[in-house]
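Here's a quick briefing for anyone meeting this chain for the first time. Have a look at the structure, then read on.

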Amino acid sequence: YEVTATNDGNLTLTDITVTDELTGDQWTIASLAPEASETFEAEHAVTEADILAGKVVNEATGKATSPDPDKPEPPVVPGTTEDEPDDLDTTLSVNKKIESKPADGKAYKLGETIEYSITVKNEGNVAYHNVMVEDKDTGFEQTIEKLAVGEEKVFTTSHEVTEADILAGSYTNTVTAKADPIDDPKDPENPKTPEGEDSTTTGDEDDPDGPNPPIEPKNGHMTIAKKTTSEPANGKTYALGETIKYEVTATNDGNLTLTDIT
């Protein structure tokens, strides 16, 4: 800002004090002759309150002493400016990354746990209140009472690989965040709601060695094992009419549930 005090009367003024109400700056002038002026500089960093108000109003005032015995305190006309700040920005970012690695270093197997970190950040220019962070699939839910401009919060959640993931060939996880609506001073009939969403998929066929390792391939497989559980009467060989007893074991050694097994 440029603040100029001008004596636009016809008497010399003394003991002059000029105050910028918004910035808190104050200057003194010992004496100011008629038609004389002095200029000062001040600055103000735009605040959240300015954004929410939709304007920055600044008034400079002053007081002085006049030699006129009838009006020792002359009237002062304040100087006022009104500037427009940026529009309301309610950008809310949600970033999720996999923090774990598959046991074999290649792909997550049935029953293995995928661990995630979730970072929620206020990328806008005003504070957000009651930010609800939710990952419905993993059952994660968290409320942030207040998220200041530029502030971020980090959380963790996890997912155990299921048969459905194996059959799908991938697992998509979505995290959402939403805060209380904020009144927009430039569009008062349409409050803005900070919202953010992020999806991470494991099973990137184009980049199996990338940051999102794939789910192991579908593998429907069964093995039949059989062993003799009896012993010959003579301890050596089975004689005519002797019974040989067997144990037959059917094992699902794949990663899919098998049905209608014979």
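Glu35 sits in the loop between β3 and β4 (37-41); helices (H or I, at least four residues) and strands (E, at least two) are DSSP runs, numbered from the N terminus. Keep in mind that this is a predicted model, where local features need pLDDT of at least 70, side-chain atom pairs count only at pLDDT 80 or more, and totals for chains, interfaces and linings use all residues. Residues are numbered from 1 along each chain as its sequence is written, and side-chain values use heavy atoms, with hydrogens and water left out.

- Most residues other than glycine have a negative phi.
- Glu35 isn't a glycine, yet its phi is positive, at about 70°.
- Glu35 counts as exposed because its relative accessibility is 74%; buried means under 20% relative accessible area, exposed over 50%, and partly exposed in between (1.4 Å probe, protein chains only).
- Asn130 also has a positive phi, about 50°, without being a glycine.
- You'll find Asn130 in strand β9, and with 38% relative accessibility it counts as partly exposed.

**The whole chain**

- Two helices and 15 strands make up the secondary structure of the chain.
- How far does the C-alpha trace span along its principal axes? About 145 × 35 × 30 Å.
- The chain's radius of gyration is 38 Å, whereas a compact globule of 262 residues would have one near 18 Å; the radius is taken over C-alpha atoms, and the globule rule is 2.2 Å times the number of residues to the power 0.38.
- Buried residues account for 31% of the 262 residues.
- Of the contacts in the chain with a separation of 6 or more, 61% join residues 24 or more positions apart; contact means heavy atoms within 4.5 Å.

**An open sheet**

- Four strands line up as β3-β2-β5-β6 in an open sheet with antiparallel pairing; two strands pair if DSSP finds at least two bridges between them.
- β3 (26-32) and β6 (79-83) are the edge strands, each with a single partner, so one side of each has no neighbour in the sheet.
- From one strand to the next, the twist averages 15° (axes are lines fitted to C-alpha atoms, for helices over the stretch in contact, and angles run from 0 to 180 degrees between N-to-C directions).
- Six bridges link β2 (residues 13-20) to β3 in the antiparallel sense, and Leu13 stands opposite Leu32 in β3.

**Nonpolar cores**

- In the largest nonpolar core, which has 18 residues, Ile118, Val120, Tyr128, Val131 and Val133 touch the most other members; such a core is a set of buried Ala, Val, Leu, Ile, Met, Phe, Trp, Tyr and Cys residues joined through side-chain atoms within 4.5 Å.
- Two or more residues of this core come from each of β7 (92-98), β8 (113-122), β9 (128-135), β10 (140-147) and β12 (171-178).
- Another core lies apart from it, with twelve residues, including Ala5, Leu13, Leu32 and Ala42.
- Beyond its neighbours within four places in sequence, Ile118 is in contact with residues including Val94, Val133, Phe140, Phe155 and Val175.

**Around Asn219**

- Asn219 belongs to the loop between β13 (195-202) and β14 (222-228), and is partly exposed, at 35% relative accessible area.
- Which residues does Asn219 touch, not counting those up to four places away in sequence? They are Asp253, Gly254, Asn255 and Leu256.
- Asn219 and Ala36 are 183 residues apart in sequence and 92 Å apart in space, C-alpha to C-alpha.
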